[in-house]
2 protein chains.
Amino acid sequence: MPTYNPPVRDMQFVLHEVLNVADELKALPAHAETDADTINAVIEEAGKFAAEVTFPLNISGDEEGCTLDKATHEVKTPKGFKDAYAKYVEGGWPALSCDPAFGGQGLPFVVNQCLFEMLNSANQAWTMYPGLSHGAYEALVAHGTEEQKKTYLPKLTSGEWTGTMCLTEPHCGTDLGLLRTKAEPQPDGSYRITGSKIFISAGEHDMTDNIIHLVLARLPDAPKGSKGISLFVVPKYKVKSDGSLGERNPIFCAGLEHKMGIHGNATAQIVIEGATGSLVGEPNKGLQAMFVMMNAARLGVGNQSLGLTEVAYQNALAYAKDRIQMRSLSGVKAKDKEADPIIVHPDVRKMLLTAKAYAEGGRALQIFCTLLLDKEHNHPDEKVRKDSGELVALLTPIVKAFITDNGHIATNACMQVFGGHGFIKEWGMEQFVRDNRINMIYEGTNTIQSLDLLGRKVLGNNGASLKKFGKLVAKLVEEEGVNEKMAEFINPIAGLGDQLTKFTTEIGFKGFQNPDEVGAAAVDYLRVAGHFVFGYLFARMAQVALREIAAGNTDPFYVAKLQTARFYFAKLFPETATLMRTARAGSKVLMDTDAALA
Amino acid sequence: MPTYNPPVRDMQFVLHEVLNVADELKALPAHAETDADTINAVIEEAGKFAAEVTFPLNISGDEEGCTLDKATHEVKTPKGFKDAYAKYVEGGWPALSCDPAFGGQGLPFVVNQCLFEMLNSANQAWTMYPGLSHGAYEALVAHGTEEQKKTYLPKLTSGEWTGTMCLTEPHCGTDLGLLRTKAEPQPDGSYRITGSKIFISAGEHDMTDNIIHLVLARLPDAPKGSKGISLFVVPKYKVKSDGSLGERNPIFCAGLEHKMGIHGNATAQIVIEGATGSLVGEPNKGLQAMFVMMNAARLGVGNQSLGLTEVAYQNALAYAKDRIQMRSLSGVKAKDKEADPIIVHPDVRKMLLTAKAYAEGGRALQIFCTLLLDKEHNHPDEKVRKDSGELVALLTPIVKAFITDNGHIATNACMQVFGGHGFIKEWGMEQFVRDNRINMIYEGTNTIQSLDLLGRKVLGNNGASLKKFGKLVAKLVEEEGVNEKMAEFINPIAGLGDQLTKFTTEIGFKGFQNPDEVGAAAVDYLRVAGHFVFGYLFARMAQVALREIAAGNTDPFYVAKLQTARFYFAKLFPETATLMRTARAGSKVLMDTDAALA
């Protein structure tokens with residue numbers, strides 16, 4: 001059976017030593033009181049919850065899955081899920097970073113980020129139930145009427161109710177412009193909603209009394225395509241004016257998908273048979289409102305893979321130290337044993353370090369990005385809010401796609417460390433691989449992320465956002481350019497920064513003549529950008545580690561951090577060489593293939 | 001539901017147009033009569049069997065899995081598996097390339113190769129039941145006594161009985177030197193065998209009356225480690241001197257593993273409680289006998305991933321043409337539709353072409369290698385036999401690791417083409433990913449393959465085998481060096497050949513000083529070597545295609561082949577740039593990590 005130890009030390013390192021989160025938060029009136037001790041205390045408690053309450057349900061939840069009673073349309077979640085959720089609500093965890101105006105604790109997003117990393121390590125399928133609520137919460141905060149806020153936000157904040165995002169339909173996922181669900185205005189100002197949705201995560205369950213569905217649909221007079229989509233809130237049970245539950249709304253779970261992974265989460269087919277909903281935001285502007293949910297969800301999906309990368313790494317490391325098999329190529333290491341532990345083998349170390357570097361880089365990026373989110377929402381200076389928002393927008397597709405692709409590489413590498421035992425369910429490793437696999441797909445496939453990054457976030461503003469990030473890198477290069485000890489970390493990112501600028505201009509120019517050039521380069525481009533960001537963060541982490549060591553700090557944590565950073569730059573970062581070459585190979589070899597793909 | 005069309009045309013292209021198999025076989029007395037028509041007829045029938053008999057059982061077999069009756073130790077295979085096996089036996093398929101001396105049809109291995117590619121596409125889990133028999137057959141042909149051959153080979157040839165390889169024990173997989181199963185000599189010349197085995201594929205089932213286990217065990221006086229292992233044949237039912245079945249041998253299935261994939265195959269825990277066996281080959285020389293099975297199995301595992309790559313590709317291609325979603329970046333393509341089919345998107349094409357190129361490269365390599373196997377076994381000239389054997393030995397770890405890793409990339413890419421539908425069981429795509437995943441592990445993990453390649457097959461003979469392969473490449477370069485049209489295919493392999501020579505010398509030198517350098521470089525090295533081999537074969541395929549087009553042949557097959565080859569060299573082959581860089585980054589960043597991996 002796998003084990004899980006919350007990586008509290010590494011979180012604290014990133015939060016306090018690398019990013020000086022407490023100082024940064026002092027500038028935000030909403031969080032000026034949130035000191036390092038508070039953050040640390042919450043994270044430690046959160047880690048206990050994840051390790052003790054939801055982690056033990058991970059394998060059993062995968063084995064049991066969810067079951068639908070077709071007569072009542074009710075879904076039973078795996079044994080223990082409901083109780084764990086009750087404990088979660090009891091502990092006040094849903095409210096952690098919600099607005100005190102709705103009963104929230106008002107802690108910064110960076111704290112919630114750490115909570116969710118650990119929940120995802122412990123049990124991604126379970127975590128999606130409370131996780132989806134956050135998207136619904138954000139959409140209603142941003143676009144809901146006062147009435148809607150009053151009705152739904154306190155219950156979503158307390159966790160008494162959960163939320164969903166009902167977007168996908170059988171014939172449209174990526175292309176929501178094609179959706180057909182109808183919303184007909186009623187004389188009382190409400191809407192009568194009819195249609196079919198699929199792939200609705202946490203779409204039905206037995207954990208709460210009510211489920212608040214946020215549903216994309218079309219008004220009768222709506223323009224075609226994505227400009228004719230509106231967002232509605234459709235509760236499972238209608239809510240009376242006193243807040244108590246009224247009649248059942250005809251929004252039903254008609255089926256559960258049988259999936260590769262996340263078996264513990266109910267992926268529902270939802271049939272809406274004239275359910276009553278209310279409009280969120282303006283008519284035909286649903287896609288904008290939806291993007292509020294979606295951006296939160298994309299950062300959340302990256303966090304899922306970060307969690308799985310960490311837990312897979314921890315278990316592979318333990319196994320590699322325990323399992324004896326063969327002798328080291330460079331001479332016997334464990335003389336008292338029949339064979340050496342497999343951690344003596346270079347490639348086993350490579351697999352472990354790949355996962356470790358992707359976990360630590362991912363953690364640094366997620367926290368870095370969430371701190372920017374806190375600034376975007378709460379900084380008193382408008383320019384800081386705007387700049388932070390721009391960087392979050394740039395980094396969101398990287399968080400989503402780069403961290404989930406890395407999660408795929410890492411969970412597979414960790415499974416491989418187990419040899420045949422990795423393929424067997426009882427060790428839990430293959431589940432990490434299966435659960436991670438959806439993260440590369442949902443909330444916009446990783447190809448869609450790459451088009452968002454290159455097409456919209458980079459070329460869309462002539463590289464202005466990328467330049468903003470580049471300035472952070474340039475500042476670090478300037479600071480440390482003469483520090484010989486930092487050269488091994490600084491030179492690669494300085495070099496890649498120069499190449500990336502040229503490379504971006506080049507693609508922009510080619511894309512102007514032929515937009516397929518953008519589509520052909522985008523996936524490679526995103527991985528290059530991902531390494532640029534990881535490289536920057538690893539250099540900053542190395543900077544802190546070197547500083548501590550120079551100051552006489554003997555905590556082996558800092559030596560470990562340097563070793564991981566060195567490995568990262570030597571074995572993972574050089575992937576950029578091939579990626580730029582293949583991106584430059586252009587679109588012709590892809591598009592001039594009608595005979596091959598006949 | 002997925003579909004499968006046997007890729008007969010592409011097989012025939014490789015067999016006849018690229019490799020001139022029929023001409024090559026004329027030189028082998030055993031196969032001199034095997035003409036192209038015979039080969040084609042057999043392959044077409046084999047394709048029908050795979051598509052019509054075993055493919056329809058693939059998803060149902062995955063869902064149902066195998067069940068063990070703990071009281072009787074009998075295993076029930078999924079519905080339809082037993083009938084399909086009966087049809088397989090009835091059709092004479094087990095005997096295809098077996099020796100006529102034991103009732104075989106005596107066809108060359110290349111034909112059996114094509115049969116098994118298609119069976120693997122259709123249903124890997126099912127195919128492992130007859131597949132494992134081949135290893136047992138080979139071991140007994142090479143090392144069995146006359147008595148053993150007479151008793152077992154006709155039944156394995158006819159398929160009336162199947163075989164297994166009982167190697168792994170709970171505490172040892174890679175490191176068979178640690179195994180503990182005991183074999184005690186009995187006065188009658190037999191051995192009494194006691195021990196526990198795990199991960200025994202096709203280890204128990206209801207398809208045949210008897211199962212012939214080949215078991216590794218230790219004699220009482222055996223030296224420690226891998227030099228003290230002997231091989232035994234242990235039938236499930238003892239065989240009387242008249243060939244009829246005698247009493248049940250106490251070699252039992254004690255449990256079935258719950259696995260990520262290949263659910264239809266019984267992965268058995270085997271308990272041996274004083275079973276009667278007979279020695280195969282010499283005492284303490286079991287590992288050599290075992291390697292006869294193992295090498296056949298390694299080529300077979302590559303073939304499993306080739307099969308899955310092909311079937312995944314076919315289904316992703318069909319979906320990409322059918323599914324409409326978004327408009328092409330370069331302008332509307334399907335004006336009459338609400339959206340364009342997703343095949344218009346460059347990255348969708350990239351995913352499809354990746355799978356296609358890995359399928360076609362893999363097929364060419366498997367057939368190339370199997371033809372060498374035919375020559376190794378049957379060529380009248382000893383030098384040709386020896387040279388062929390040497391090349392097979394060099395290529396075996398590449399076939400196993402490169403094709404299975406490519407299968408991982410390809411099946412995941414094809415699943416990704418389906419978006420959310422790829423994660424759902426009903427489309428069958430996620431099963432291809434799960435089934436493929438074991439191929440990277442069993443019969444020697446891909447890391448073990450890389451050490452076998454670099455340590456034993458390349459550095460072990462100072463690069464002599466690699467030079468032999470290099471001569472084939474040099475010959476092609478010489479032939480086509482002045483052909484402008486071939487430049488795009490020839491230049492990359494000529495360049496890589498030069499680099500690979502330097503690179504190999506470099507690693508050899510570093511490895512001499514520090515053997516961990518070999519372990520650190522091996523996995524990257526194998527992928528570079530894999531691209532060198534694929535590059536050679538794609539260049540040869542392009543050569544034929546260009547020749548046909550120049551001669552006025554208008555079959556679009558040749559244009560398709562050139563497009564795939566171009567894609568391969570532009571988008572996949574350049575991976576070698578990064579691989580050589582990361583391999584050169586050496587072992588220090590891996591081994592000097594005790595703090596990081598504490």
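In the predicted model, chain A is built from 19 helices and 11 strands. Its C-alpha atoms occupy a box of roughly 80 × 60 × 60 Å along the principal axes. The radius of gyration of chain A is 24 Å. A compact globule of 598 residues would have a value near 25 Å, so the two agree. Burial was also computed for the chain. Of the 598 residues of chain A, 64% count as buried. Contacts within chain A were then sorted by sequence separation. Among those with a separation of 6 or more, 73% join residues 24 or more positions apart.

Chain A and chain B share an interface. On each side, the contacting set comprises 95 residues: 95 of chain A touch 95 of chain B. Together the two chains bury about 7900 Å². Carbon and sulfur atoms account for 61% of that area. Polar contacts also link the chains. Between chain A and chain B, 53 residue pairs are in polar contact, with both residues at pLDDT 80 or more.

One salt bridge pairs B:D524 with A:K350. In this pair, the closest N and O atoms lie 3.0 Å apart.

Backbone geometry was examined at two non-glycine positions, one in each chain. A:A202 has a positive phi of about 55° although it is not a glycine. The residue sits in the loop between β5 (191-201) and β6 (210-217) of chain A. A:A202 has a relative accessible area of 0% and is therefore buried, the cut-off for that class being under 20%.

In chain B, the residue is B:H73. Its phi is near 65°, again a positive value in a residue other than glycine. B:H73 is placed in the loop between β1 (67-69) and β2 (74-76) of chain B. Its relative accessibility is 23%, so B:H73 counts as partly exposed. That class lies between the buried limit of under 20% and the exposed limit of over 50%. Thus A:A202 is buried, whereas B:H73 is partly exposed.

Conventions:
Residues are numbered from 1 along each chain as its sequence is written. Chains are lettered from A and ligands numbered from 1 in the order in which they are written. This is a predicted model: local features need pLDDT of at least 70, side-chain atom pairs count only at pLDDT 80 or more; totals for chains, interfaces and linings use all residues. Side-chain values use heavy atoms; hydrogens and water are left out. Contact means heavy atoms within 4.5 Å. Buried area is the accessible area (1.4 Å probe) that two parts lose on being put together, summed over both. A salt bridge is a side-chain nitrogen of Lys or Arg within 4 Å of a carboxyl oxygen of Asp or Glu. A polar contact is a pair of N or O atoms within 3.5 Å; within protein, one must be able to donate a hydrogen and the other to accept it, and residues adjacent in sequence count only if both atoms are side-chain atoms. Helices (H or I, at least four residues) and strands (E, at least two) are DSSP runs, numbered from the N terminus. Buried means under 20% relative accessible area, exposed over 50%, partly exposed in between (1.4 Å probe, protein chains only). The radius of gyration is taken over C-alpha atoms; the globule rule is 2.2 Å times the number of residues to the power 0.38.
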